[in-house]
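Dear colleague,

I am handing over the structure below, and my notes on what was found in it follow directly after. Please read them with the coordinates open beside you.

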Amino acid sequence: MTNRRLALVLLLSVVILPCAVQAKQLAIVTDKATSASNLTASELVKIFTAHSRTWPDGKAITVVMKDPSSADMQLVLRKLLNMTPEQAHAFVLAHRDAIMVADSDDAVLRFVSTSPGAIGVVDLYSLTQDVNVLKIDGKLPVEQGYLLRGN
Amino acid sequence: MIRNIITSLAVLGLLLAAGVAQQTAPQQVASQQANPLTAVLPLTTKSPEARRLVQEALDLYLDRVEQEQAIDILRKAVQVDPDFAMGHEYLAQISLDSAEQVSEQEKAFAARSHASASEQMVIEWYQDAADHKLISAITKMNDVLNQYPHDKWVVWMTTWWLQNQAQYERVIAVYEKSGITDSPGLINNIGYNYAYLRQFDKAFAMMDKYVALLPNDSNPQDSYAEILRLAGRFNQSIEHYRASLVINPEFYSSQFGIADTYSLMGDQARARKEYEIGFQKFSLPELQQVLWKTREAATYVREGDNDGAEHAFQTIADYAHSRHNSQAEADTYRQMAICEQNPKQALVFLGQAEAATQEGKNALRIAISQELAQILRARVEVALKMGNKEMANSNLARLSDMSETANDKLIEVAYHGATGAVLFSERKYDQAISHLEEDTNNPFSLKLLAAAYQKIGYSAGAKRTNDTLTNLNDPTLEQALIVPAFRKCSEGASCGGNAKSASLKK
């Protein structure tokens, strides 16, 4: 990238190449009324595999996620659930009462922000003030070592 | 060409709809927020003249490629109304002077109580980003965007910020949702985003529109050329660079673009000839001179002419030293080190690089720190090449300390790249991946990442990364050192299996 009106390039050759394989970061979100602020990875697995169906206060948990074959969900399947997209599809079909599939981050956010007890996964850059972001194992998405970060 | 490669953030802009009062009242903000189809972000100032200047500056910046003029006008605007918070914010974002970027951001933040709630949200978004409060910054950005999804300047702010965060898909989504089709500046930037995603048909379509909107400007031709080069269509790229120079013979980046393109095509003699034409024809700012001299030196690297490369780089280092430009001198020695086959000599160059950073002449402290981080990273890689784990770990520890305290993205990325390399050498592939994935703009890390994915059996990731690396057409030294050899490896029978699945797209 160049520009006749660009001023000087301070760091001359540190490579700043645009690259389509930038690491993704996903955020686990809940509605504002849910009091949880941190989950361990194993607690999260239990929620997403429908083994945990209620929050500590007794509220029912509804999981909402994008299609298991989407790029974001493949990261979740690989890093968290150890499932293939096909296994995840089958799992979602078998647990329609507890797991919902939405077609976009906006839809996930809309559902979570208006559904007490809902928990969802969205891209970090989709976040709005309408939801809470949970830590996983004490870490927020932007912190080193955060689980749901990668390609 | 895409504007401003220095600032991490870019132009901000606001236009008032006709009839909006000079000082936006809260009721007006509320009514604008009520209809996102037509809402425009307010622009609050007590001075109509200051507002007019800002509007003029933003138009010059975004759609007429006149950045320096735009900056001068913004400076006048904030002189007219020193409490003009968004005026300061725009200047912070488009200034080419890093000290001014910082001071203007501070002024914008301090003056934000004079602005409307929406403007305050914008200023706080950028302030949070500067303070590395990324989640809060993202939330505020999206809240502003949701209020003004069709406002050209909000779309511009959002897409440029996201582009700098490498969120290319999201940039395109925001743009498409905006419905804006007549802004040359936005079209140019969206074209680049398609190119970064390697969706070249869409990128070329954007460039066709850009050329049609500004047929008498060199910049569309220059952008088109760069995108064609990214796609590996080198001959067409050169045609567009030449078209740019026909429109404006003083558009020097196109001359050097031609040279860079010949270099990527493998014609190093022709590349050097074109660089020399540029050096003789144009009087370049000092660091631009160093930048393209460095590209010229890389032609020798591409030819495997180590002596030629060393001589060319040494000439640049001597020039930088004579100009008391410590960072340029340090960076040149660092590059000599990463080209050097003999690890002991590489360490000598790195010693010279570090000595230059210690002199620190004519350079910002942060720039020197960033350079030092790159040097430490290079030391780690040289140590790994020597099999000296102790040396690798001691330099990594220094880099880790810097990364924890500097709060700087480039330094953090250098740390991740170095840590990934160390972990890879220890065959801790899972751990290596989590660090290398933070440094995917660097061909050295990309190569290791592809191999690490392969080692853990993540074939899709390995293939995607191999493809990215194979099709990387950027005229940098790092590309010269890694990509041509990687392509040969992927085509030949002498390499490990992980590179062979890569496909070269033309």
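The largest nonpolar core has 179 residues, where a nonpolar core is a set of buried Ala, Val, Leu, Ile, Met, Phe, Trp, Tyr and Cys residues joined through C-beta atoms within 7 Å. A residue is called buried if 20 or more other C-beta atoms, placed from the backbone, lie within 10 Å of its own, exposed if 12 or fewer do, and partly exposed in between. The residues with the most contacts inside this core are B:A57, B:L74 and B:A337. Leaving aside neighbours within four places in sequence, B:L74 is in contact with B:V54, B:A57, B:G87, B:Y90 and B:L91, a contact being two residues whose C-beta atoms, placed from the backbone, lie within 7 Å.

Before going further, please note that this is a predicted model, in which local features need pLDDT of at least 70 and side-chain atom pairs count only at pLDDT 80 or more, while totals for chains, interfaces and linings use all residues. Residues are numbered from 1 along each chain as its sequence is written, and chains are lettered from A and ligands numbered from 1 in the order in which they are written.

Chain A contains 4 helices and 7 strands, which follow the pattern β-β-α-β-α-α-β-α-β-β-β along the sequence; helices (H or I, at least four residues) and strands (E, at least two) are DSSP runs, numbered from the N terminus. Of the 151 residues in chain A, 38% are buried, and among its contacts with a separation of 6 or more, 64% are between residues 24 or more positions apart. A:L124 counts as buried because it has 22 C-beta neighbours inside 10 Å.

In chain B, helices α11 (residues 200-213) and α12 (residues 218-230) pack at an angle of about 165° with their axes 9 Å apart, the axes being lines fitted to C-alpha atoms, for helices over the stretch in contact, and the angles running from 0 to 180 degrees between N-to-C directions. That makes α11(B) roughly antiparallel to α12(B) (angles under 35 degrees count as roughly parallel, over 145 as roughly antiparallel, 65 to 115 as roughly perpendicular and the rest as oblique). The residues in this contact include B:F204 and B:M207 of α11(B) and B:Y224 and B:I227 of α12(B), and by class the contact has 8 nonpolar, 2 polar and no charged residues (Ala, Val, Leu, Ile, Met, Phe, Trp, Tyr, Cys and Pro count as nonpolar, Asp, Glu, Lys and Arg as charged, and the others, Gly among them, as polar).

Helix α12(B) also packs with α13 (residues 234-247) of chain B, at an angle of about 165° and with the axes 8 Å apart, so α12(B) and α13(B) are roughly antiparallel to each other. Among the residues that make this contact are B:Y224 of α12(B) and B:Y241 of α13(B), and the contact has 7 nonpolar, 6 polar and 2 charged residues.

Best regards
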